Amino acid sequence: MIEVFDEGLHSGVNLALEVGTVLYRDKTEHQDLIIFENNTFGRVMSLDGAIQTTEHDEYIYHEMFAHVPILAHGAVKKVLIIGGGDGGAARQVLKHKGISVTLVDIDRTVIDLSIKYLPSISGGAFEDPRLQIVVADGCRFVKETEERWDIIIIDSTDPHGPGEVLYTQEFYADCKSCLTEGGIIVTQNGVPFVQAEELRNSYDRLGTLFADVSFYLATIPSYVGGPLAFGWATDNTSCRKLSEGELANRFLNAGIETGYYSSDIHKASFVLPLYVRKILTAEK
Ligand code: SAM
């Protein structure tokens, strides 16, 4: 009898993955955590029934999460990752020379099990001396810290359970106060086709705080429903207008290996299809 992992994230929509070996299945202090093998995606991690990351497509998500803001900014020294306990975003950020990372995740067990069962995703990031791990609620951390960062990557679960606080106006305002001049915030903002309300809420909330708010898209096969939106918020209105040629230069000078990110994908990812633009501009 084949076991099936059934992700019922959106009403009437289910993603069923055949489960090979279950490597881990238990409640952590904060979340239901499963790590299992699947023929197509390799090892898969889910939290509270939602797929978080898979070995075979994580690079798309983590490359776009890290390289878009870092190469657009052009002079990043410090990056804060809220969430991101699988280490994938940290691994991509640490490909850039001269950058230090603070990773704040509420659940130490996610980090420990990602190191143990998903080592290819963090790729040694957790052992890198440039990475500092803080186990805390990201919402509290940004409220209390005196530190500042050039980029804040909000690599959270969806707005349910412990991740819910990472989509509030108050949290975004506290993140803004942790940014250096011209810093950039990027968020995990769901799949617009099935999570339109989440997208619009973030757009409206970030719009009260920043001069330039938008989204950029990438299709991650294990996130059902179409392209995923990354939120973009900054007062540095020039960095989204960089030419593809300038981005290509910066990408070349960074000297990093990627499997999805390129300077033309970077530029094109900000072109939003009409149905997404309609979500952002519809009368409320
Ligand atoms: N790629 C995934 C997605 O799109 O949903 C996110 C991956 S990452 C595993 C999500 C992380 O957010 C988890 O490690 C979880 O522990 C963390 N998290 C959830 N709520 C949090 C909070 N309030 N503060 C800090 N980390 C949180």
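A pocket here is found on a 1 Å grid over the protein atoms alone: an open set of points with protein on both sides within 12 Å along at least five of seven lines. Points are joined across faces, edges and corners, and a volume is the space filled by probe spheres set on the points. Lining residues have an atom within 4 Å of a point. This is a predicted model, where local features need pLDDT of at least 70 and side-chain atom pairs count only at pLDDT 80 or more, while totals for chains, interfaces and linings use all residues. Residues are numbered from 1 along each chain, and side-chain values use heavy atoms, without hydrogens or water.

Start with the largest pocket. Its volume is about 630 Å³. The lining has 43 residues, with Leu47, Gln52, Ser156, Thr157 and Asp158 nearest the centre. Among the elements that give two or more residues to this lining are β1 (3–10), α1 (58–73) and β7 (78–83); helices (H or I, at least four residues) and strands (E, at least two) are DSSP runs. The lining divides into 17 nonpolar, 19 polar and seven charged residues, with Gly counted as polar and Tyr, Cys and Pro as nonpolar.

The space that the ligand takes is the largest pocket (more than half of its atoms lie within 2 Å of the grid points). Around the ligand stand 26 residues, the closest being Gln52, Asp105, Gly138, Pro162 and Tyr223; each has a heavy atom within 4 Å.

Next come the polar contacts (N or O pairs within 3.5 Å). A ligand nitrogen is 2.8 Å from a polar backbone atom of Gly138. The side chain of Asp137 has an N or O atom 3.1 Å from a ligand nitrogen. At Gly163, a backbone N or O atom lies 3.4 Å from a nitrogen of the ligand. Taken alone, the ligand exposes 600 Å², and the protein buries 99% of that (Shrake-Rupley areas, 1.4 Å probe).

Finally, turn to the cavity. In a cavity, a 1.4 Å probe fits but cannot get out.

Technical notes: A polar contact is a pair of N or O atoms within 3.5 Å; within protein, one must be able to donate a hydrogen and the other to accept it, and residues adjacent in sequence count only if both atoms are side-chain atoms.
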